[in-house]
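I opened my notebook today to look up charged pairs. Come along and read the entries with me.

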Amino acid sequence: MELVRLMGFLTVLSLALSANAQNSKDYLVVVDRIPVSELRWVMTQSGDHGVNAKSYWSDSMEQTFLVDPLNPTLRNQASVNYLRLLQNVSTGIVDPALVGVDVKLTKKKFPTAIELETALAAAGQNPNVLLESMSSQMPQYLALRDSLRKMNNACVNNLWPALPKVKKTLKLGSKDPIVIPLKTRMVQLGYPMNSLDNVYDDKVVAAVNDIQWNLRFKPDSKISPGGKTWKYLNVSCQDRMRQIRLDMEKLRWFPQYVEERYIFVNLAMSYFSLVDKSGGGFYSMSFRTINGRPERKSPTMKDKIVYIVINPFWVVPPTIFREDKVEEIKNLWPWEIREYFDTRHYQVWNKSFTQRFDPASIDWYNMDPNQDANIYIRQSPHRMNALGSLKFMMTNSYAIYLHDTNQRELFAEPHRLLSSGCVRVEKPVDLAEYLMKGTEWDRAAIERYMAKPGEVLDKDTKVQLKQQMPVYMVFLTSQLSSDGILRFAEDSYRQGTRLLRLGAW
C-alpha cells in the first residue's frame, strides 16, 4: 500500500513540476541529501503556514519512522512530500485560476530543480530555512501566521471554550458573571480591557461597536441573546483557524514580497491602506472603501495605478448598461426619456464614440442589450458624476479601477459592499495628492481643476504618474490590524467555500 501511495505521489509531483524540469527525479536528487529526521520535523511543524501538517507527514509515516527510520520507501515518500510542501507554501495549494471569475490570478511558477538546489545551498542545507525562504513575506501573511500560532495555542490548551449563552441584553453598566468570559474572548482577539471583572464598561462598548461595524450593521453597543455579536465571539477556535488558513492561501497567490510602496485593499472589510517605505522612511494612509456587492464582485488581483483622470467621463459598463440602465429606461414614458438623460448629463454614443445619438430616437423598449453592442451611455464630467471628480486608472482589461464617488455619504455606513466591481475611495484628493507628489499637481492645483458644484464639463484631464503605484486587491475575511486586533468579516463572496471544495485544510 505504501508503495502504491508513493507512486501516486511521484505521479502528482511529476505533473505539478513538469514545466520546470524534464523529470521529477531532478527535484528528488536535490532533497534526498537531507536527513529524514529533519524533513520529519519541518513537515510536522508546517501547520504554522496554514497547511494540514498530516498531509505531508502522516501517522503511518510516523509509525514507520519509529520502527525503521532508514526505510527506503519512507525516505522517498518524505522527499516527495517535502517537495510538495515547498510548492504548496510558495505557490499555493489551489490554482487560483480555478477559484472563480472574481480571482484574476494565475498559478505562480515553482523554481527549477537547479534554482531549488541553489536555494537549499544558500539555506545551509537546512530544510526549514529553505521553507521559510520560499514562503510569502507579505506583511499581511506574516501577521496572519502569527495570529494562527496564537489561535492554535488557544485551541490546543482549551483556552477558547464555548461561551455561555447570553440570557438578557447586556449594555453599558450591566453587571453579570457572563461578562467575564466575554471580556476574556475580546482580550484574545486583541481588544484592550481595563479589567476582567463582571462589569460591562466602556472598553467592552468600544469592542462591541467595532465588532458590529465588522458585521456590517449600525453599532448599538449591546450584546443581545442569540444576537450576531454573541455569535461572532462564540465562533469556535477551529473555525477561526480555518478562516485564517484560507486567507493565507489567498496571499500565497501573490508575489512573495511586496514593493517598498504599495496599496492594499481588503475587499471583505472594505478598507484601503497605503504603505510607503521608500528611501528609508515610512508613510501610511488608510481609509474606507466601497467595493463590489456579491452579485458584482470586485476581483482579487494585483495591478498598478498608471495615471489619474481629473473630472472623468463615466462610460456605463456593459453589465450596468444591460442590467440597470436599459431596465430603468424601459420603465419611463417616451416623453420622459430625454429628460432622464439631460438631468443626469448622459449622452448616447456609438461604440467608437464617433457618433452621438438622440436618446429619444432609440427604441429602448424593444432593445436587447445583450445583442445591441453598438450603443454606449456616457456621463459628462461634473461633481455628481458616478465616478466623482477623480479616477485612478489601472492596466487591467476588466474595467476595474479606483475612483471618487457621488455618493460620499455611503462611507459612513458599515455595509459597503455596494459597487458594481470598481473600488470607491473615501479620500480621493488625499490619494491623488500623494500619487502626484513632486509634480506641479499639488493639492491646490488638483482642487482648482476639479469641477465646481453645478459645473458640467466637456473634457477630462489625464495626468500620467511619474512612478506607478502597485495595487493589491484581496478578499480577506481575517486581518490582524496595526492596532493589534484580530478582526473577522463574513465571507460574502463565498471564496472560502469555493476554496474548501478545491483543497484540503
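Is Asp 146 buried, exposed or partly exposed? I looked it up in this predicted model: Asp 146 is partly exposed, at 28% relative accessibility.

Lys 150 is exposed, I noted, with a relative accessible area of 56%.

Entry on helix α12. Here I looked up Asp 247 and Lys 250, whose salt bridge brings the closest N and O atoms to 3.2 Å. The two are 3 residues apart in helix α12 (residues 237-252), again about one helical turn. I checked burial too: Asp 247 is buried at 0% relative accessible area, and Lys 250 is buried at 1%.

Entry on a link between distant parts of the chain. I saw Glu 323 and Arg 296 joined by a salt bridge of 2.8 Å, N to O. Glu 323 belongs to helix α13 (residues 318-330), while Arg 296 lies in the loop between β3 (283-292) and β4 (301-310), so I wrote down a separation of 27 residues. Arg 296 is buried, with a relative accessible area of 9%, whereas Glu 323 is partly exposed at 46%.

Last entry, the total. My search of the whole structure gave 26 salt bridges.

Technical notes
Residues are numbered from 1 along each chain as its sequence is written. This is a predicted model: local features need pLDDT of at least 70, side-chain atom pairs count only at pLDDT 80 or more; totals for chains, interfaces and linings use all residues. Side-chain values use heavy atoms; hydrogens and water are left out. A salt bridge is a side-chain nitrogen of Lys or Arg within 4 Å of a carboxyl oxygen of Asp or Glu. Buried means under 20% relative accessible area, exposed over 50%, partly exposed in between (1.4 Å probe, protein chains only). Helices (H or I, at least four residues) and strands (E, at least two) are DSSP runs, numbered from the N terminus.
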